[in-house]
Structures are given as structure tokens and as C-alpha cells.
Amino acid sequence: SSDLDALLLRIMGSPDPRQIDGIGGGDPLASKVAILAPSTHEDADIDYLFLQVFVDQPLLSDKQGCGNILAAVGPAAIELGLVPATDGTTYLRIHMVNTGEIARAQVQTPMGRVSYDGAATMDGVPGHHAPVVLWFDSLAGSMTGALLPTSEPLTMIDDLPCTLIDNGMPCVMIPADALGQDGDESPASLEADAALCARIEAIRLQAGSMMGLGDVRDLTVPKMILISRPRHGGLVMTRSWIPHRVHKSLGVFAAISVATASLLPGSAIALLAAPSKPDQRQFMVEHPAGASEVFLERDPGGNVTACGMVRTARKIMAGQVFPVPAAR
């Protein structure tokens with residue numbers, strides 16, 4: 001609702017590049033909200049609505065999910081008393097309201113309490129914490145209705161080879177060298193290339209329409225991802241726009257979509273991917289901060305049937321937030 005939007009903008013401190021009068025972090029990656037409620041879905045335990053709060057514009061978007069925030073949904077739901085914990089490991093079914101999909105989460109709950117202590121690590125995240133295992137049985141067409149919204153693994157846009165794919169996140173994959181890039185440039189240097197960013201956005205606007213998303217000018221999807229050969233033993237190297245800033249790592253659902261597209265015969269990026277075995281389940285998708293581990297289960301025909309990731313979450317604070325009063 002408009003009242004909720006206005007409230008969340010005040011809580012986060014938008015629009016302001018620093019979000020100094022709110023609790024946002026001045027970056028799209030730190031300007032996110034999760035709203036939890038007992039599930040209205042018969043196959044789930046908890047409802048999770050994700051909202052992306054724009055930093056420097058008075059806008060919110062519910063047009064995508066967020067796998068990173070999803071990792072905290074299980075622990076938070078237990079801490080808030082919305083879902084009971086069991087001794088050892090608590091298994092939750094999370095209804096992702098944005099897309100209608102169901103995620104399965106495993107949360108460490110020794111003695112019936114959430115534990116955040118553990119040895120799991122994530123590139124780009126300091127320290128080590130308890131693992132949160134996430135599995136998805138069906139992500140294909142999460143927002144567009146089809147794994148390949150154009151029905152083809154290769155689509156030409158402005159004479160550039162692209163793969164338009166949606167396996168949890170609508171994404172456009174482009175070989176980095178097709179845009180004159182090596183593919184391992186720093187996010188800052190890519191953002192500073194105004195001509196490159198303008199060309200990426202022009203492709204994004206066309207791709208959004210082709211993917212059935214309509215006019216995506218004010219939307220955060222599709223994500224634009226440059227793909228190049230892996231540098232550190234992974235599947236591929238990535239650089240992603242989200243959509244106007246360059247991600248300092250890579251989103252969960254984007255990583256799943258990248259891995260899926262890399263294994264898709266005839267895709268724009270298949271030839272850039274490291275060789276894999278038909279029964280291989282674990283893949284490392286490289287990004288500026290390191291790599292993201294992705295698990296894919298495939299049927300005998302090579303089609304992806306389930307996806308998984310190990311993430312971490314930690315309780316940082318609990319309490320009340322006092323938003324600035326609404327303008328009169």
C-alpha cells in the first residue's frame with residue numbers, strides 16, 4: 001500500500017544516497033526489507049514478502065525475490081515465535097510471496113534454539129557462522145512463466161548474443177568479450193564506464209519487454225550479467241548489474257540462473273563454462289568477492305529439476321525503529 005511504502009521509505013532513509021536519516025546502508029545490497037507472517041499457503045510454514053527499497057529514489061519494488069535475505073527468514077521466523085523449533089535441525093517451508101514458489105530451509109536449532117555459531121563461510125561475508133541450507137524444487141519461470149521466456153537459449157539483441165533466462169531471477173547473460181570487456185573488471189571501474197552502462201541499460205529495456213516483463217525502466221529486473229571464462233577453478237566468472245549498480249558479489253537466484261544457463265546447450269555463455277560431468281551437482285560461480293556455491297540436480301536429459309545453496313545468517317539486533325515523521 002502507499003502508506004506502507006511511505007513508512008518503509010522513512011524507516012530506511014530514502015531517498016538519500018547515504019540513507020543517513022534511516023537504517024538503510026546507502027547501497028542496494030543494504031536497503032532491503034523482509035515482511036514475515038504465518039503462511040496462507042497450505043504447503044508452507046511461513047510467508048516471506050521481499051521489498052527492495054531504492055536508495056536515492058522514493059521507490060520500492062516487490063517484483064523480485066531475494067535469496068540472500070531468504071537465508072535469514074527461517075532463523076527470524078523462529079526467533080519471532082512464528083514457527084516452532086525442534087531439537088537439532090528445524091525444517092521450514094517458506095512461501096516466497098513475490099514469486100509464489102516454495103523454498104525449503106534447514107536451520108540449526110540445538111536444544112530448540114537458533115544457533116548462529118558454525119564453520120560455514122561465504123566469500124564476501126566476514127567470519128563463519130552456522131549453515132542455512134536452502135533448496136528449491138521449482139524456480140523456472142519465477143516471474144516470466146518460463147525458464148526461457150523467448151523459447152530459445154540464444155537471443156540476439158543489438159547484434160549481441162544473449163541468453164534470457166529465469167530460474168529464480170529474470171536475467172540476461174552476455175559474453176563479456178562481446179561488449180569489449182575482459183569480465184574480471186572491478187565493479188567500480190564498470191560503473192565508471194558511462195558508455196558501457198548506457199548500452200547495458202538499452203539492452204535491459206529491450207530484454208524486459210521480450211521476457212514479458214513490460215516496461216522495466218523503473219523495475220529492478222531483469223538483472224544484467226556479463227559472463228567470462230572462470231579464473232579460479234569455478235564454472236564461469238560473472239559481473240552483474242542490479243540493475244544500475246554493479247553487484248559486489250552475486251545474488252543467490254542470479255547465481256542459480258547463471259549456473260543453469262552455463263549448462264544449457266546452445267546458450268550464449270555455454271562455450272565459456274568449464275567442463276562438467278553429467279552427474280555433477282556442485283558448481284562454483286565466480287564473482288568479484290570470490291565464488292558462490294550452487295547445487296543443481298538434473299534429470300537424465302540434463303534438465304535442472306532442483307537447486308540448492310548453503311548460506312549463513314546472524315542475529316544482529318532486535319528492537320524498535322523510530323521513523324522520521326511524515327511530511328505535513
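1. Buried means under 20% relative accessible area, exposed means over 50%, and partly exposed lies in between, using a 1.4 Å probe and protein chains only. By that scale Met-111 is exposed, because its relative accessibility is 71%. Met-111 sits in the loop between β5 and β6 (120–122). Helices here are DSSP runs of H or I with at least four residues, strands are runs of E with at least two, and both are numbered from the N terminus.

2. A word on the basis of these notes. This is a predicted model, in which local features need pLDDT of at least 70 and side-chain atom pairs count only at pLDDT 80 or more, while totals for chains, interfaces and linings use all residues. Residues are numbered from 1 along each chain as its sequence is written, and side-chain values use heavy atoms, with hydrogens and water left out.

3. Backbone angles come next. Most residues other than glycine have a negative phi, and most peptide bonds are trans. Met-111 has a positive phi, near 60°. Asp-159 also carries a positive value, near 65°, and is not a glycine. Asp-159 is placed in the loop between β9 (155–157) and β10 (160–166), and it counts as exposed because its relative accessible area is 72%.

4. Which peptide bonds to proline are cis? One runs from Val-221 to Pro-222, with omega near -5°. Pro-222 belongs to the loop between α4 (194–210) and β12 (223–228). Another joins Ile-242 and Pro-243, with omega about -5°. Pro-243 is in the loop between β13 and α5.

5. The loop between β13 (236–241) and α5 also holds Gly-251. Gly-251 is buried, because its relative accessibility is 16%. Between Gly-251 and His-128 there are 123 residues in sequence and 19 Å in space, C-alpha to C-alpha.

6. The largest nonpolar core has 75 residues. Such a core is a set of buried Ala, Val, Leu, Ile, Met, Phe, Trp, Tyr and Cys residues joined through side-chain atoms within 4.5 Å. Leu-70, Ile-94, Phe-136, Met-173, Trp-241, Phe-253 and Ile-256 have the most contacts inside it. Helix α5 (residues 252–262) gives the most to this core, namely eight residues. A second, separate core of eight residues includes Leu-8, Leu-9, Ile-11 and Val-53. In soluble globular proteins, nonpolar side chains tend to be buried together.

7. How many of the eleven residues of α5 are buried? Eleven of eleven, and the helix is mostly covered. Among the buried residues are Val-252, Phe-253, Ile-256, Val-258 and Ser-262. Contact here means heavy atoms within 4.5 Å. With its neighbours within four places in sequence left aside, Ile-256 is in contact with Phe-136, Leu-139, Asn-167, Val-294, Leu-296, Cys-307 and Met-309.

8. Thr-109 belongs to strand β5 (residues 101–109). Is Thr-109 buried or exposed? Thr-109 is buried, because its relative accessibility is 0%. Apart from neighbours within four places in sequence, the contacts of Thr-109 include Ile-78, Ala-85, Asp-87, Thr-90 and Val-114.

9. Ala-76 is part of helix α2 (residues 67–79). Ala-76 is partly exposed, because its relative accessibility is 26%. Ala-44 is 32 residues away from Ala-76 in sequence and 16 Å away in space, C-alpha to C-alpha.

10. On cysteines, a disulfide is a pair of cysteine sulfur atoms within 2.5 Å. By this rule the model has zero disulfides. Cys-66 is buried at 5% relative accessibility, and Cys-197 is buried with a relative accessible area of 18%.

11. The second largest pocket has a volume of about 270 Å³. A pocket is an open set of points on a 1 Å grid over the protein atoms alone, where a 1.4 Å probe fits, with protein on both sides within 12 Å along at least five of seven lines; lining residues have an atom within 4 Å of a point. The volume is the space filled by probe spheres set on the points, which are joined across faces, edges and corners. The lining has 14 residues, of which Pro-28, Phe-54, Val-55, Asp-56 and Arg-245 lie nearest the centre of the pocket. By class, the lining has seven nonpolar, five polar and two charged residues. Here Ala, Val, Leu, Ile, Met, Phe, Trp, Tyr, Cys and Pro count as nonpolar, Asp, Glu, Lys and Arg as charged, and the others, Gly among them, as polar.
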